[in-house]
Amino acid sequence: MDLSAINPVLLVASLIVAATPLLFAALGELVVERAGVLNLGVEGMMITGAICGFIVGVESGSAYLGFLGAAVGGALLSLIFGVLTQYLLSNQVATGLALTLFGLGLSALLGQGYQGVKGPTPARLDIPVLRDLPVVGRIVFGHDLMVYAGLALVVAVWWVLTRSRAGLILRAVGENHDAAHALGYKVVRVRLAAIAFGGACAGIGGAYLSLVRVPQWTEGMTGGAGWIALAIVVFAAWKPWRALLGAWLFGGVTVLQLNLQAAGIALPVEYLSMSPYLVTILVLVLMSSGRAPGSLGRIFHKTG
Amino acid sequence: MYRRTLLGAAAALGLAGMAFAQDDPVKVGFVYVGPVGDGGWTYEHNKGRLAVEEHFGDAVETVFVESVPEGADAERVMTQMALDGADLIFTTSFGYMDATIATAEKFPDVKFEHATGFKRADNVSTYSARFYEGRAIQGHIAGKMTESNVIGYIGSYPIPEVIRGINASYLHAKAVNPDVEYRIVWVYTWFDPAQEAEAARTLIDQGADVILQHTDSTAPLAAAEEAGNVIGFGQASDMAQFSPSPRVSSIIDDWAPYYIDRVQAVVDGTWESVDTWDGIGPGMVGIGEITDAVPEDVKAEALDMKERIAAGDYHPFTGPINKQDGSVWLAEGETASDEDLLGMNFYVEGIEGDIPE
């Protein structure tokens, strides 16, 4: 029992890092769902991104090219889902689940020969004076660029969704696709773009695991992060800022749980592990504002 | 009742099929808890399987299913294997114990081998390796090498096998470094690289400069490498890609001779239910090369301990050893019995914290 062993500064710093892959995946899925599409394949896209990013990173020697490769890989995979659900009108739930299984298998196949290989890791931001500041230096200035990219993405998604015309159209498509169609918006095209964006974000989130967090390739390495990202979207009531909060909460619980254990505090792990989900359910019950987009998960057809 | 009849019928059909095709190769099934590419536990079991294939050639056919969750799902996989005509099934994780016993009851003519468990039947053998012998050597190196005197330990599940490893390494770290302190994190998984890396980082954040792991992936070593100045050990497999540092040595499980032996017994029709628990001596536990990151004298001591354990001159649990609460477990010179070791559910004196229920 030694609470002093836990360094709060390091705790917050590692919380921010642990939350980053969740944040990317959740923001992507948030945009997809705001466009009225429920893609349950986040886990599959994340793991595909993880291996695509790792392969590109290893072959090119650049972690950032790796992230680019992850985004492309995730987006391509998500477009399979896009074509199936938007053109062939397949059931979104079933297709999304299939996408997860497909992604897990595909990534294992692609990853043959990349086990035990070391990948490139992006450098931490290293600004001479700022990083030596007490407390703030480690928490705010001590991360790699992708952490800041994730935060920037929160702002960008928020701005686009609420302040731009494109965001308005996207939300219109998600709220009522028939009305949006009647107004002349290309529902399917908007949704495909959103799905590809979601896939790219999930891919980057996955690559953050294989290039930064772990950092190496192992089969099944996302370990359910995609499902947590889905929960975060609901927890966030489809709002970008709350997604950030959700990612920190879910990421934070993981980190805190390990820290408490290492400090010898006998708190049953199960309570902490389930707490974010309990909070999600509570938020759903308490907040009437947490309303899902009107057309979420519904199949759109022009004649319909 | 109906289901049992059905299963019985199915089993009978399967057996009839097998009897009918006597000249078919012996079919051996393997159930893995992780992917064969985990680089650790499952990777080594799969190496054993490949050795069986190589040894027997066309006389034996092997099948495997990877990443099978522990629990009810495992029983489904084993049943399927048995129905598909497997003659011998190796189930390679502690958590498959009840599923193995249950499946074995349904298929009395199929032989089962369960790794690291303690429940046997007429057609169920158990086998395990004395990993704790390797742990003792790790503890010695860890105690000598640590500068912060904080050693981090990543545990999977609080089961006797894992607790035994913690105790064995602690006793030997403490013996050479009285100031040593253990921090233990349970991750409740055998294989989850992200979680394992997170646990390693947490321990490093809390001052640990030696990380011992009882999980299957190489992620903790990757985390140690990233942190710098932190050492670790290969677990279940050599993990040599991380040598000479952070991986300074390793415990290697070598299942191949045992697997070949047991398959041979099935081929000969001499298979019997046995309980095998071998260590460094018979070669089931190997100690990976101790790298130059370890000082010469420490390396020599570690190798000496390995020799003495292999020769049977030294038992890693030799008294006096007290339990965590201070009560006497082993008196001066007394060595632990296998029953005590197999059921170990307590920390030895000096380790802080409680074992989770």
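Modeller: I start with strand E3 (residues 88-91) of chain B, where B:Leu88 and B:Phe90 point one way, B:Ile89 and B:Thr91 point the other way, and all are buried. Buried here means that 20 or more other C-beta atoms lie within 10 Å of the residue's own, while 12 or fewer count as exposed and anything in between as partly exposed, with C-beta atoms placed from the backbone. The model is predicted, and local features need pLDDT of at least 70, side-chain atom pairs count only at pLDDT 80 or more, and totals for chains, interfaces and linings use all residues. Residues are numbered from 1 along each chain as its sequence is written, and chains are lettered from A and ligands numbered from 1 in the order in which they are written.

Strands (E, at least two residues) and helices (H or I, at least four) are DSSP runs numbered from the N terminus, and two strands pair if DSSP finds at least two bridges between them. On one side, E3(B) is joined by 4 bridges to strand E1 (residues 26-31) of chain B, and the two run parallel; B:Val28 stands opposite B:Leu88. E3(B) is also joined to E4(B) by 4 bridges, again parallel, and there B:Ile89 stands opposite B:Phe112. Strand E4 (residues 111-115) of chain B in turn has 4 bridges to strand E5 (residues 124-129) of chain B, running parallel, with B:Ala115 opposite B:Tyr127.

These strands belong to an open sheet of 6 strands in chain B, in the order E2-E1-E3-E4-E5-E11, with parallel pairing. Strand E2 (60-65) and strand E11 (275-278) of chain B are the edges; each has a single partner strand, so one side of each is left without a neighbour in the sheet. From one strand to the next the twist averages 15°, where angles run from 0 to 180 degrees between N-to-C directions and axes are lines fitted to C-alpha atoms, for helices over the stretch in contact.

Chain B also has an open sheet of 6 strands ordered E7-E6-E8-E9-E10-E12, and its pairing is mixed. Its edges are strand E7 (181-186) and strand E12 (285-288) of chain B, each with a single partner strand, so one side of each is left without a neighbour in the sheet. Neighbouring strands of this sheet are turned by 20° against each other on average, direction ignored. Strand E10 (residues 247-253) of chain B is joined to E12(B) by 4 bridges, and these strands run antiparallel; B:Ile251 has B:Ile287 as its bridge partner. Helix H8 (residues 219-227) of chain B packs on the sheet, touching strand E6 (150-155), strand E8 (210-213), strand E9 (231-234) and E10 of chain B, and its direction makes about 155° with that of E9(B). Contact between residues means that their C-beta atoms, placed from the backbone, lie within 7 Å.

Conventions: Contact = placed C-beta atoms within 7 Å.
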